[in-house]
Each structure stands twice: as C-alpha cells, then as structure tokens.
Amino acid sequence: MILFNLKIAWRSIRRNKVFSSVNIIGLALSMACCLVIGLYVWNELHYDSFHKNYNNIYRVTEKQNQAGTLYSVAVTPGPLAPALQKDFPEVANTVRFGSWSGVLKNGTRTYEVNGMQATDNSIFKVFDFPLLKGNPATALQSPDEIVITESIAEKYFGKEWKNNPALLDQVFRFNNEADFKLAGVVIDPPENSSIRFDVLISISYLFKTDEWSNKWESNNYHTYLQLKPGTDAKAFSEKIRDKLHSYNTKTEDLMVLQPFKEQYLQSKFDFNTDWGKRSNIRYINIFMGVGLLLLIIACVNFINLSTARSLKRSMEVGVRKVNGASRRQLVFQFLSESILVAFIAGVASVVIIGASQPFLQKLTGITITVNFSSLLFLSLFLLIILITGFLAGLYPAFILSSFKPAKVFKSVGGRGVSGKLFRQGLVVFQFAISVTLIICTSFMYRQLRFMQQKDLGFDKEQLVNIRLAGQLKEKVGLLKNDLDHQTAIAATAPATMSLVNVDNSSYVEWEGMQPDDKFLITQANVDPGFIPALNLQLMNGSNFSFQKTNDTATYIVNEAAAKRMGYTVNNAIGKQVNFWGNKGAIIGVVKDFHFKPLSTGINPFIFRYQPQDRYFSLFVKTVPGKTQEAIQQIKKSYKKYESEFPLQFSFVDEAINELYLGDRRMATIILLFAGLTIFVGCLGLFGLTVFAAEQRIKEIGIRKVLGAGVASITGLLSKDFLKLVVIATIIAIPAGWYATQKWLEGYAYRINIDWWVFGLVGVAVLIVALFTISFQSVKAALANPVESLRTE
Amino acid sequence: MLELKHIYKWISTGNNRTFILKDINLSIKEGEFISIMGPSGSGKSTLLNVIGMLDEFNEGEYQFLHESVHKMKEKQRSGLYKQYIGFVFQAYHLIDELTVYENIETPLIYQDIKGSERKALVADMLDRFQIVGKKDLFPAQLSGGQQQLVGIARALIAKPKLLLADEPTGNLNSKQGEEIMELFKQLNDEGVTIIQVTHSEKNASYGKRVIHLLDGMVERS
C-alpha cells in the first residue's frame, strides 16, 4: 500500500511540473534554512555539555549595589573559593580563573598571549580539558608552572612538539618578570566551550606576587563551584546569598549562583567583568522564530496550491471512492504524496546547504559545520521532513478526500472552487510576514548607517591607537617625541583608554556633594595634547598644560559629569574634586562625546593629567592620505624603544565599527530571511496565477473572441492577487512599526521611524508581486483562444 | 435483488420543490439487464446514482439484497457498494497517473487483497479483455474504446453482483459502442446484473427490459 501510494505520488509530482517545482523549491529553501538554524540552535544550546560535571558546576557571581543601582558582576575575590570549600560541605571542588595577558618567551621565540588564564590545578578535575602531556594530578600546583594548549605548543615547538623528549620543564619567561616551567600540554578548548584559553598559569603565582589577589575587597576572579551530586542548587544559592558579608564586613555585595549551563547564553554582566565566549539567548529565539515562520510560509504554499488544484483532482478522488477507497485510505494517499514532496525538497535542501555553506559563513559570521552523516543531522532532517509533510499535507488531504463522487461527476469542469477565502487568507498571511520582515530590515540598516555616520563628539578618522607595552607604558614620551617629528603624523596623545567602549570607572567626591551621593565616573589619564588631537570641544575653561604639572591635580570633565555634580558648564570651573585621593580643581568642561556604543547614553567622564602614571595607549593622528607612510614611521620608531613586545595597533574608526558587528550580522541575517520569505511567497503567488489562468482558460478565450485586449485580460487575472498583496501590506505596516519600535528601544541614540520607508517597502513589494503575477497572466492573455475553446 | 419504493428526490428553491425523482417504484431481480432511457434532465443519471448509493434521496425505501439502504449510515452504504457494485462511466474516469494494469488493480488494493492474489486477478482480466499488450500504457495512450474496456475491466475486477453503466458508449463511435454492448450482453449471460443509462434505442435494445423516465417519473417500463 505504501509503495503503491508512493508510486502514484511520484507520477503525480512528475506530471505537474509547475506545481511540483514551485512546491519543492519553496520547501527546499525553507527546509535548508530550518536545518541550518536547527543545527545552529542545537549547537548553541549544548555549549559546554562535553564536561562530565556540566550539570553540577555553578559560577559564583555578585550583585553589587553601587549608588542605588544594582550591578551584576562576574568577578569575585581571590580568597572566596577556598573559604566556600572550607565552610560548605556541599562544595566538592572549586576552580578560579583570572584573565591575564602578557608576553611569553621561550628561547628565541616571543609571542604576546592574550588568552592567558590563571587557574587552579582542580581545573583538570572539575572540567574536561584533558592533558596530552603532563600529570593532571599535579600540574599547576606549584606557582611556577604553566600549561599550554596544543596550538600554542605548535607555535613554540613546531609540528613535532609531541616527539620532543625535553618538552616538559621547558622554561617560559613571562613579561620579563618571572620564569615558568612547562607542566603540561592541554587540548585546545573545543569550539563549543565557553571557557577559552591559550595558556594556563598557576594561580598561586598571582597570590605570591599580586597583592590585590589576596584581598577580599578586590574582585578579580571567576569562581566555579562543583557541587556534590544531589545538592539542591537553588537552596544552596539562597544559603550563600549574603555570606560575603561574613568574610568581609565592609561589603554588602550579594552572591548569586549561575548554573554553568547558562553561562554561554545567559550571561549579562556589567563593567566588562565577564570573559570567554558568550552569545545571547535572544538570537536563538529570533532565529527559531524566523526559521519556523519560513517553514510555515512554504507549507502555506503547498496547502494553497494543493487546494487550488483540488478541482483537477476531485475527479480522481471520485473515481477512487467509487472504486472502493475509504476516506482514510485517501487521506493516507495524499499525505504520502506531501511527505514525498517534502522528502525530495529535503534532499534538495541538503544540496542547497552544501552549496551555500561558505557563503553563509561569510555573511553571518556564524560557523555552522554541517556533518551530513551525523545522527543529529539525520534525525533533524527526518523530523523536519515529517513535520513539513504533515503540516503541508493534512489540510489538503482532508479537503480532497471529502469530495462526494456523485457531486464531482455531475459538475464536469464546473466550479467546485471551495475554500477560496481560506486560500486568499493564506496569501495575505504570507505576504504580511514578508513585508513586516522587510520593513524591519529597512530600519535596521538605516539605524546601522546612522550609527556609523553619527558625530561622536571627537574626530575618529585617521586615528591610530598604538597599544603601549613593556617600558613604553612608563616612557611613552620617548615614542611620542619621536613620532611628533615625523612628516606623516599630525598629532599624538597618550591615554589610558582605547576610546572604544571605555569601561574604567570609579567613585568621585566633589565640592557640594551630598553624603552618600556616590556615582561611578569613567576616567582616563591623558596629556594636554589629547583634547586638540581628537578635536574634542572645550566648552569652557582651559586645557591641561605641559608646564603646570605635579603641584596640584587638575581635572577636565564632560558636560554629563558637570551636570551630575550639580554644576553648569559655566560654574563648574574651579570647583574642587577628589579623585583617587588626589584633590584638585576642574579646569575645563568638554562637550559630551561618545565613549560607549550608541546603544548607551553618555555617562559622566573625567580626564586627569598625571604624566607620572602609566599610559596604555598612544593615539596618533595621521596626515590625510599618508596613512601607509605613517604606519611605516610608527613601526620604525616603536622598534627603537621596545624590542621585547611586538607592535600592536588599530584604527579607531574600524574598532568602533567593530562594536556594531553583532548588529550588522543580525541585520544581514534578517535581510536574508526577508528575501527568502518574499521569494517563497512569490513562488506561491506564481503557482496560484498559473492555476487561476488554467481555471479561467475558457473565460479568457471567450473574452478574447469577444474582443478583449491583452491588457484587459492581464488586469483581470492580476487584480485579484494584487488586492491580496495590498491587504497584506496594510496589515504589515503596524506589525513592522511595532517590531521596529521595540528593536530601536535598545539604542539610546536612534533614528526616527519615517513613514516614507513604509511606503517605499510597500511599493517595492507590490512591484515584485506584480512582476510575478503578470509573468503568467500575460502568457495566458496572449494564448490563442481557438486552442482553449477547442478542448470541449 | 433490489427494490425501490416511492423514491422521491428534490431540490428546494425557496418555497418550491423541484422534483428530480418522483415516486419511483422499481424492482430488479438478479440476472436482469435493464436499460434506462429518457430525454436529458429526466433523472436517469440521478436514478443510477441512487441505485449505486452515490447519491441520497429525500423520501422512500430502498432494499438492496434484503438490506434497508435508507436506514444505513454513510459508512455502511459505502461498504455495501464496494462489495457488490461496479461502476462504468461515460467519460471512463480512469486515473491518469496509473497504467492500465494499475487502474484495474486499484479496487483490489482498496479491499486489502494480497499482492499475489491481485496479480492473478488482474492477469485474468487483462486476458479476458485481450489487453495484455496494453497493460503498461497510460490512459492517455489509449483510444476511447480501449479506455472504456479498461473502465469495465476495473468495474468487474472485484466481482460485483451489479454493474451500473452511465452512458458507457456515449463518447465512442458506433463500432466501438457495439463491441461494448456485445460485451455487456456476454457478461449478463454469465450472470452479472446490469443497469445502463443510454440515449440510444439501439443500445437499449440489448437490455431485457427498458425503463423510460420523463421528468423524474417512470413513464413506462
């Protein structure tokens, strides 16, 4: 029976080429999307699951109340982990991670290592990061031990590092400060690990050398707890919630347990205290929603075309019924047909995925590895085929199988166009979704362009940021002096920030401050060259001066800071400020500038000029058109003063654009989806016009014989469908407006929702739909009426 | 074999009833060959559909093999006609996607008959109608007469007691029509009860009894 059904289904698919190809192409595209999304979502949801203790690992995070605002902080004090292990029997093990970076030298090879984590030996017990060399029971116990990943091992010791008998105990010099013995080589953290590292150093080294690491007042580490099996994590979380106070009476901070399995998708922490690989559950939800929508649209095509074709098939149903088919058997037959179509589409979708994989990766920045033979892929594949087959086939199957033979035979070529309203509703539904998505993408792109073009309050063009390393942090003047004399360089200015998403804030005291009116102010140490070099607008007062230095501190604040302290731009000058124990006067107020992404507003900012402190960056303004030359000059000068650390620099405008990479990718992906939905929708529209033309072939013939022109017949056929697209657009406008509104709420600086965009999108969609429809209508209108009238 | 008593069928348009069948009384015995004649719109096809249980009637009693059809539910009725009745149509109504062989096989599949048995039955039928050579062709590749042969073969495959034919030769030329009528006669001689609707006096004369319909009523029989 099944074979029999499939055979008929196959022939039916082949006989109706237009119908089948429209169905299959639409379904294949949507299924390809769904499969990719499915794999992506599965992968995202199973991050970190390769750890055996995955379900028992928790991270201790803090809720801090600062000046009335509750902040989430991912870092905790160094002594917390051992204290919790000692005091709470529920804790089986603890691991701490401290993010570090520096230069590692082994023999003649020196590399800057960014992914350096200071950690405990227990990492090898709690997590599943197996050692390829070395002893997991002892590695990293002694403060002078280091463990590197296989790729780092390859970098230092070549491809044959495994065969090097003297590999362990190799010595790495760290930042020219201390020597570390190689205690092991660990596998590279898998792609789906949210914990990332290149090099692990023993955390006890930091406890020996870094005074802050031992203090309860300083939060530097991620603390992971492995709870004993059977522990009620929720109760335990409640239990330790306010225990921080018992270790450090000065703090009111609270502890919150974050399940390790939520770390990848649901981490949202302030002050850049979280590190590692993170994503956002929001993306997962958007992807799943859009993927599902796309699949539904393709199914709607199938339903639409099947029911439109019901007239043709009703005869077959009648014959089958008369020949003894029960309704159940017919439903089964039609379902086999739709599942077969879904299966063919599924196979086609695999081809589509294969062909578009590299392209997708570039477009979305998401690495999607599709292992076609994996159990996951196959089960997802079958699941999607079955769901699609049923979703698409069920309604037509019930409609078609309900025909009464006597009625069918009586109305040979008659009306029987049941469910027209339903079909029209489905078309409206499809296009409403497409138009909504297109409206959203239009505004997303406009917002992105707006953010790229917005005046940030400083001049980000031709601005290079050199990262200072080694002795240059203290002696930036040497490099600065050298560069100032170069022809391709217009100005230079050192600073302690990158200007891109600055997040270095502290408390400040000011003249006229109410007790307890604390707030966090972002700060940077600069020199007098900074404000002119970056073209910041000094609204009142004066800039720092190279002459006046050490005697008393001076400060320049931004408008937001002046306002927050209760001053105006005019009366702020001369007010006393106490920042980090240095009392001094405000000597200038600068116009607000954006030091954070435009999703955030402008917060108070304070500049200080303390040349005796370290700097971390040197900003270099290059002469327009001489960028390459300037880079060469920078390279040359840098080498003169710093040979240990390789030069690292970036262009500020590029780095700022980088901030919006996530937004750009999201927009690209939604655009892709919008394009797909409109394409699939048009496919369906095309199929429907084909059938409408077929159904009305006689009418068209008669009209032509009576003298109707091509234009009037094209109009006759197109009008009905265009009407539906117009209705869909009208529905989509408020939906698109609402979604855009919601999305724009995430940006402190945003575009207006201009009405002409809606109009433009509506007209564009209408043109695309008109084109699709007229393709078939014109063909029908041009047909020779003799042909169509002869058929009877 | 079957008996119709006071069968009425009508369509209500506003307050008026337009009668399609009016007080039909008919008794048909096993082995009969009946021709129903009458002008267009006289209710011939409707009567045939009522007998074939494809169409319902508004009033009256219908006994088929001593069972009361008018008291049955849809499902029982379709079970009954599946088992005992074969249909032949003017427009053949073969399934375009199926070959000759498969078209004939279809009723057997719906009756859940085993594959090997189906094969034997279909082979017999192909033999008997001398269309073995055409078994892998699709309907579109056959002439009208050949298509109707397949239609009859399909109607007979499940060994019905009653064969209902609605103008079986309507779309055929006279020679083909004659062949089909000869076939009907032969089938009737073998014991199949046949009721056919026809316009042609000549075809009607193959029947042992002719019923004349006019405006939904039996004019003479």
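How many bridges join strand 3 of chain B to strand 9 of chain B, and in which direction do they run? Four bridges join strand 3 to strand 9 (residues 209-214) of chain B, and the two strands run parallel; strands are DSSP runs of E of at least two residues, helices are runs of H or I of at least four, both numbered from the N terminus, and two strands pair if DSSP finds at least two bridges between them. The model is a predicted one, in which local features need pLDDT of at least 70 and side-chain atom pairs count only at pLDDT 80 or more, while totals for chains, interfaces and linings use all residues. Residues are numbered from 1 along each chain as its sequence is written, and chains are lettered from A and ligands numbered from 1 in the order in which they are written.

Within the pairing with strand 9 of chain B, B:Ile36 has B:Ile211 as its bridge partner. Strand 3 of chain B, which spans residues 33-37, is also joined by four bridges to strand 8 (residues 193-197) of chain B, again in parallel, and there B:Ser35 stands opposite B:Gln196. Four of the five residues of strand 3 of chain B are buried, that is, 20 or more other C-beta atoms, placed from the backbone, lie within 10 Å of their own.

In chain A, the axes of helix 1 (residues 2-15) and helix 11 (residues 327-364) come within 9 Å and cross at roughly 60°, the axes being lines fitted to C-alpha atoms over the stretch in contact, with angles from 0 to 180 degrees between N-to-C directions. Helix 1 and helix 11 of chain A are therefore oblique to each other, because angles under 35 degrees count as roughly parallel, over 145 as roughly antiparallel, 65 to 115 as roughly perpendicular and the rest as oblique.

Key. A residue is buried if 20 or more other C-beta atoms lie within 10 Å of its own, exposed if 12 or fewer, and partly exposed in between; C-beta atoms are placed from the backbone.
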